[in-house]
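Please view the sequence and the structure first, and then read the notes by topic.

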Amino acid sequence: MKNIFTLLLASLLMSSCFVYTKGQDGKNGEPGKPGASGFNEQLAKSLGADQYGMKAYTIVMLTTGTSKIDDKAKMSELMKGHMGNIKKLADEGKIVVAGPFLEKNKENYRGMFIFNTKSKEEAEQWVKTDPAVQAGVFSYEIFPWYGSAALPLYLKHHEEISKENP
């Protein structure tokens, strides 16, 4: 009797350890494979995601350039061009993140772009279209980066939450 009870308890414990994937209509899927709750294969493919939902990008760190422009009107025009270029590159799907740093830092980083490319050469071509870079107000450093493939999706929602654009 004691052996039957032990065998019953052991089989109950073992059967409770099976992991099932989520099947159709709420039914269990295949045993032994953990499910990926909410996984959208079509979206992952459209974003170029790997098995971890990640992909390669290129970060461009804008640094203080060599030019010092004291003419406020000229500097204002360059910054308007800088902002317009960011919008153009974002509209083209090339920039997925852009923004300035809020504090000075020892590296003299002024801002950053995350470009939707793994090619450092392509990112450099894109950053060189910036009027402030062309004028020497900003210089730059380029780094490969690995992040969420869903990063480009935030831009769509940013327009929904911003009342003004600089």
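In what order do the elements of the protein run from the N terminus on? The order is α-β-β-α-β-α-β-β-α-α-β-α, and the secondary structure comes to 6 helices and 6 strands. Helices (H or I, at least four residues) and strands (E, at least two) are DSSP runs, numbered from the N terminus. The model is a predicted one, in which local features need pLDDT of at least 70 and side-chain atom pairs count only at pLDDT 80 or more, while totals for chains, interfaces and linings use all residues. Residues are numbered from 1 along each chain as its sequence is written, and side-chain values use heavy atoms, with hydrogens and water left out.

- The protein exposes about 12400 Å², of which carbon and sulfur atoms supply 58%; the area comes from the Shrake-Rupley method with a 1.4 Å probe.
- Among contacts (heavy atoms within 4.5 Å) with a separation of 6 or more, 67% are between residues 24 or more positions apart.

**The sheet**

- Four strands form an open sheet in the order E4-E5-E3-E6, with antiparallel pairing; two strands pair if DSSP finds at least two bridges between them.
- Strand E4 (95–100) and E6 stand at the edges with a single partner strand each, so one side of each has no neighbour in the sheet.
- Neighbouring strands of this sheet are turned by 20° against each other on average, direction ignored.
- Helix H3 packs on the sheet and touches E3, E4, E5 and E6. The direction of H3 makes about 155° with that of E4, where axes are lines fitted to C-alpha atoms (for helices over the stretch in contact) and angles run from 0 to 180 degrees between N-to-C directions.
- E3 is joined to E6 by 11 bridges and to E5 by 6 bridges.
- Methionine 61 has glutamate 141 in E6 as its bridge partner, whereas isoleucine 59 stands opposite isoleucine 114 in E5.
- Strand E3 is mostly covered, with 8 of its 11 residues buried.

**Nonpolar cores**

- In soluble globular proteins, nonpolar side chains tend to be buried together.
- A nonpolar core is a set of buried Ala, Val, Leu, Ile, Met, Phe, Trp, Tyr and Cys residues joined through side-chain atoms within 4.5 Å.
- The largest core has 16 residues, and Val60, Leu62, Ile95, Phe113, Phe115, Val127 and Phe138 touch the most other members.
- At least two residues of this core come from each of strand E3 (54–64), helix H3 (72–91), strand E5 (109–115), helix H4 (120–127), helix H5 (131–134) and strand E6 (138–148).
- A second, separate core of 8 residues includes Val97, Tyr109, Met112 and Ile114.

**Aromatic pairs**

- Rings of Phe, Tyr and Trp (its six-membered ring) pair if their centres lie within 6.5 Å; planes under 30 degrees apart count as stacked, over 60 as edge-to-face and the rest as tilted.
- The count by this rule is 4 aromatic pairs. One of them is the edge-to-face pair of phenylalanine 113 and phenylalanine 115, at 5.5 Å centre to centre and 65° between the planes.
- Phenylalanine 113 counts as buried because its relative accessibility is 2%, and phenylalanine 115 is buried with a relative accessible area of 0%.
- Phe113, Phe115 and Trp126 are linked into a cluster by ring pairs.

Terms used:
Buried means under 20% relative accessible area, exposed over 50%, partly exposed in between (1.4 Å probe, protein chains only).
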